[in-house]
There are 4 protein chains.
Amino acid sequence: MINASILGATGYAGMELIRLLHAHPKVNILHRISQTYIGKSISEVYPSFSGVSNDLCIDMEPAEIARQSDIVFVSLPHGVSADTVKKLRLENCKVIDLSGDFRYNSVSKYEEWYKITHPCPEMLQESVYGLPELHRSKIKSANLVANPGCYTTCSILGLAPLVSNKMIDSDSIIIDAKSGVSGAGRSISLGIHFCEVNENMKAYGVATHRHTSEIEQELSILSGKEISLSFTPHLIPLQRGILCTIYANLSGIHSHREIIDLYRDFYHEEPFVHIHGEGVLPEIKFVNGSNKCHIGFVVDKRLNRIIIVSVLDNLIKGASGQAIQNMNIMFGFDETTALAQPGWYL
Amino acid sequence: MINASILGATGYAGMELIRLLHAHPKVNILHRISQTYIGKSISEVYPSFSGVSNDLCIDMEPAEIARQSDIVFVSLPHGVSADTVKKLRLENCKVIDLSGDFRYNSVSKYEEWYKITHPCPEMLQESVYGLPELHRSKIKSANLVANPGCYTTCSILGLAPLVSNKMIDSDSIIIDAKSGVSGAGRSISLGIHFCEVNENMKAYGVATHRHTSEIEQELSILSGKEISLSFTPHLIPLQRGILCTIYANLSGIHSHREIIDLYRDFYHEEPFVHIHGEGVLPEIKFVNGSNKCHIGFVVDKRLNRIIIVSVLDNLIKGASGQAIQNMNIMFGFDETTALAQPGWYL
Amino acid sequence: MINASILGATGYAGMELIRLLHAHPKVNILHRISQTYIGKSISEVYPSFSGVSNDLCIDMEPAEIARQSDIVFVSLPHGVSADTVKKLRLENCKVIDLSGDFRYNSVSKYEEWYKITHPCPEMLQESVYGLPELHRSKIKSANLVANPGCYTTCSILGLAPLVSNKMIDSDSIIIDAKSGVSGAGRSISLGIHFCEVNENMKAYGVATHRHTSEIEQELSILSGKEISLSFTPHLIPLQRGILCTIYANLSGIHSHREIIDLYRDFYHEEPFVHIHGEGVLPEIKFVNGSNKCHIGFVVDKRLNRIIIVSVLDNLIKGASGQAIQNMNIMFGFDETTALAQPGWYL
Amino acid sequence: MINASILGATGYAGMELIRLLHAHPKVNILHRISQTYIGKSISEVYPSFSGVSNDLCIDMEPAEIARQSDIVFVSLPHGVSADTVKKLRLENCKVIDLSGDFRYNSVSKYEEWYKITHPCPEMLQESVYGLPELHRSKIKSANLVANPGCYTTCSILGLAPLVSNKMIDSDSIIIDAKSGVSGAGRSISLGIHFCEVNENMKAYGVATHRHTSEIEQELSILSGKEISLSFTPHLIPLQRGILCTIYANLSGIHSHREIIDLYRDFYHEEPFVHIHGEGVLPEIKFVNGSNKCHIGFVVDKRLNRIIIVSVLDNLIKGASGQAIQNMNIMFGFDETTALAQPGWYL
């Protein structure tokens, strides 16, 4: 049994960590840290935990949390997160950070897209980008894992086989992403008012969304050359789920058969990536509630262009589930522990 | 042409007033008063007005607004509203107030249910309860109309024929009401977060909701004796619309035919009340976008109980449409002006 | 390990049985019987099972299924179900039937409310009403369990402590129930068209819904005298969840404290019933994804009336979860096996 | 006053025609033709018309309809529509057809994308493509107008200024479109079941959707050379509205200012096209309930790519509203008659 603490336990990602870890036979949730709900039980904050957990949300110094915990999940806003993670790491505690603060190899990229000065740039070298399908071996020995963004995971997994095999024109990549509202978190603003979201759709962060740079970083590594691409997120009136529709010009003539083999080969033995056969494109109902990413595609022979559709649950494979997957790898647990349940279709 | 100004123009009720008055041939919207959006055009606040109105939201002293306007619609929070209305009335301007401040005959009832001291109790005598189906003649000559609450209108119209004819046991009335989220207005709180409302339902204000007292007041007048009843509102994941399911024990044996005749007689020539025939119960899709209240019912012979279903669009017949209906009556316009369009089914 | 087969495996209740049983360490799902999808894998019908189960849906004679299975879940339309259950029972296989066919003690009640002749009335004596909180000991030794209806479970659990203690006027019970759309199943009709349900609400089956009689039967047993009541279901635009708002006149003066003690006592040690304290009323988000029923209430002293709110997930505690709970009891497994996970709040 | 009849009056587009024409001072709706609801009043089929219209749905021979009507709106499935339109035109009645049957200049394009033989290819020459912003003068004198598709209108209006000024690389156009469910019509199938659509998103018709060819036809005419492009529709859980996110590589360096001027110039005096200024991208709430198309864009200087967002209400500017706009042009009415109301934001 290891002791895990959660910083930012009462946001949606924190809640989902608690829900999923509840089924983990080797993890004890030690502390639930929350500034907003100090002294409240987690079942008061989320009554879906009634009868399951009445543990209290507390405040505690990071150093003290670190000393008592084998691992700390940090689910705080970027900028704030880096400071806290620094204090946790000083006590040598393993950390999985869900913010963007440690996802970059390059400080200047971070500062260009986040428009702030990084509080501890020296720690970027220590951190490992927590996408198991690409960096499993490094994660295994990591002490600080930067859990990828939700859009990022969906986009990279959808493109990795093609990019690493140089089968697409890397200047032609366009990712049109659609997300449910839980990705915006639990903090309130006019933009998440039911009456403003319901029966509405909108694009946002066009040409400027931070996840663009994160996707570009990882695909550039895979490709061996600098990749720039368009990424457009949209807000859709539903709770959970991301669907990315990805367009790229094929660099040669490739059949659907050939490409499906490539994907299945690339993700061979990956427990959380599912490649659909010809004629099926994934919908978000296929993955909600699970830690899976589903991928399907159409080869448009008329235009020699591929259209890839990838989907995942933004709170699970796009956040808390992937964080647990990373923890499982870091501690030598079976990678699917607490993550093997099928999603809910309804 | 008359000049109408709107105080609280950028809330949902204010927006709906602007939208509906746009089609009114005898009304010029003079001022759009908003504390939140001073200097912004109404089409910046609600881009659905793009190309329709670029008029600016301004701030202005009530006395000045009153001097320039033939009528002022006041859509402010209760308590705040009373103060403003007082200033408007000092200039002899006609006022339609959408808050609860002037709906009561009895100051003590108001103070008991609203838990505040009424700022100008002397004005309650001047105000007329703006439910045209019950008080049309008084509205005609009123200078201050208290526009009824949304739940209230739906409940009273559903019960009035039975109560005024003493056909039900007045101790047995139970109103189970369900409302869309727009009734909560545009101000933000965790309770209207999309992710908290969507795929959820809840009861609130049980046994304490203020509209209870307003319904009781009007039904008591109709009945000639004091009526107390249960009223339970629920929040439902949709934007517009209220549905009231009303239960009452019949005081004698009455057929469906007899009661339908009673209702059709009671609402004879009412342009905005529609009584459905046997076998049809209204749904909120029947009325959204219109100023109508639809009513249907089932006589449960087994229990000698009637179950009435009444529906309306909370922003129209439940707020802004009814306010315009009152204005039409006050100024001698055809009562259906700007309100005659059918609702939208989708 | 026991072998369980599911008849009607591709409806929503069948799907949910498969999803939940997947986590059951002592159950092997042997056959998935479906008329509609013969030869298709369950993951083609519900791609959320991709990578989890590729077992095929088949057709098979009931007798043969019975011979191979330790238990069969039957999720077929009423009338159809009874015939099939009869064949299964001839082979002495244990059966849990999710239809209304075996829920009645009285054939005439069934025939009065279902408007059909019961195909095998003699089997009603053998069947046990599968509400563990009321009939656990009988379920333990039952061979045929009639799984209760979704509305029914929610209503009975909300009222049982008061009725069995005769604390309410049994003539005054009114149940106003609201349900998500999954309760209507997966078969198509205009009534479940997204555009007809979304942004809509409606009452249906008023004074005639079959679950009325089922609730009356169970409450009459508890009370020791015949109870008749009003039950009104409503369709609400969401997927999962039932919320019942229940009204009854208290037969004496009782404080909130007194009644909460009564409920906690009545449901003492029940793993799936949660009673909320004063000031909290359950919402359906509190239970979706779980096998729980949450109950809260308000005592309206002004009217000496109690308003009870009970909620559950119609596909779990209202159908498949309760069926598994019954199976656990019948086979001596821990009653919470495969049902202990907390719900999902989002 | 002219007499208008509607063939296919009880589908969603037919309903919307009736709703909008109700406010048209120069149009009398003569016949409502429906195979499904013969003998039912339109207010039985859509109770939102209660008290507004009790006219009956009838069946009638096309020739007879044509003889009695000044104009007939045909809202029937493609293939079926062409046959009927032929009969109507034989009687010299003006026709606006909402299907795809008469939208093509080339029979072979139609047959390639629709996979059927055109029943009356000779009539394609007579028909005019009913997009007023591009073909107003031809529409004025047309007898047969082919009303454009919903996706098509949104896509073409979003791209026309750039394509006709050759400011984008015509090989690089990608249209990622998202639509509400009403676009699928009122006929039932598993795909429009509330529980399958709600909390879901999916792409469909990828690389094969018929509207692709319609968009290509019109843009090729504007450009003067053959254009091929990617068009991907998605189904989104809401009722009304289409949002197109359009990507294209700029063929030179162009500022946002320059392009906005181009759009405003191109759509100068167009009553139903609104171009948003820098920093605002349209959302579907901006247009629902109106006949408007809103357009905004971002110039991504980093990639020299433009991202255009265009939105419209699929039932109004994407279908019935545009049909009425075409009728207004054909009969010399003010083009905005019955179409001038602002949309509803909620």
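Predicted model: local features only at pLDDT ≥ 70, side-chain atom pairs only at ≥ 80, totals over all residues.
The contacts between chains were then examined. In the contact of chains B and C, 35 residues of chain B touch 35 residues of chain C. Several strands of chain B give two or more residues each to this side. They are strand 8 (174–179), strand 9 (202–203), strand 10 (230–235), strand 11 (242–249), strand 13 (293–300) and strand 14 (305–312). By class, the side of chain B that touches chain C holds 18 nonpolar, eight polar and nine charged residues. Of the interface residues of chain B, 100% are also interface residues in chain C, so these copies meet through the same surface.

The contact between chains B and A takes 14 residues from chain B and 14 residues from chain A. On the side of chain B that touches chain A, seven residues are nonpolar, five are polar and two are charged. Again, 100% of the interface residues of chain B are interface residues in chain A, so the copies meet through the same surface.

Within chain B, seven strands form an open sheet with parallel pairing. Their order is 3-2-1-4-5-7-6. Strand 3 (57–58) and strand 6 (128–129) of chain B are the edge strands, and each pairs on one side only. Strands of a sheet pair through backbone hydrogen bonds, either parallel or antiparallel. Strand 4 (residues 71–74) and strand 5 (residues 94–97) of chain B run parallel and are joined by four bridges. B:Val72 stands opposite B:Val95 in strand 5 of chain B.

In chain A, helix 7 (residues 150–164) packs with helix 9 (residues 211–223) at an angle of about 25 degrees. Their axes are 10 Å apart. Because angles under 35 degrees count as roughly parallel, helix 7 and helix 9 of chain A are roughly parallel to each other. Helix 7 passes helix 9 of chain A in a right-handed crossing. Among the residues in this contact are A:Ile156, A:Leu159 and A:Val163 of helix 7 and A:Ile215, A:Leu219 and A:Leu222 of helix 9. The contact residues of these helices divide into eight nonpolar, five polar and two charged.

In chain C, the axes of helix 1 (residues 12–21) and helix 11 (residues 316–330) come within 9 Å. They cross at roughly 50 degrees. That makes helix 1 of chain C oblique to helix 11 of chain C. The crossing of helix 1 past helix 11 of chain C is right-handed. C:Ala13, C:Glu16, C:Leu17, C:Leu20 and C:Leu21 of helix 1 meet residues of helix 11, including C:Ile316, C:Ala319 and C:Ile324. By class, this contact of helix 1 with helix 11 of chain C has eight nonpolar, two polar and one charged residue.

Technical notes:
Residues numbered from 1 in each chain as written. Chains lettered and ligands numbered in written order. Contact = placed C-beta atoms within 7 Å. Pairing = 2+ DSSP bridges. Nonpolar A, V, L, I, M, F, W, Y, C, P; charged D, E, K, R; others polar. Axes fitted to C-alpha atoms, helices over the stretch in contact; angles between N-to-C directions. Parallel < 35°, antiparallel > 145°, perpendicular 65-115°, else oblique. Left-handed = near helix turned anticlockwise from the far one by under 90°.
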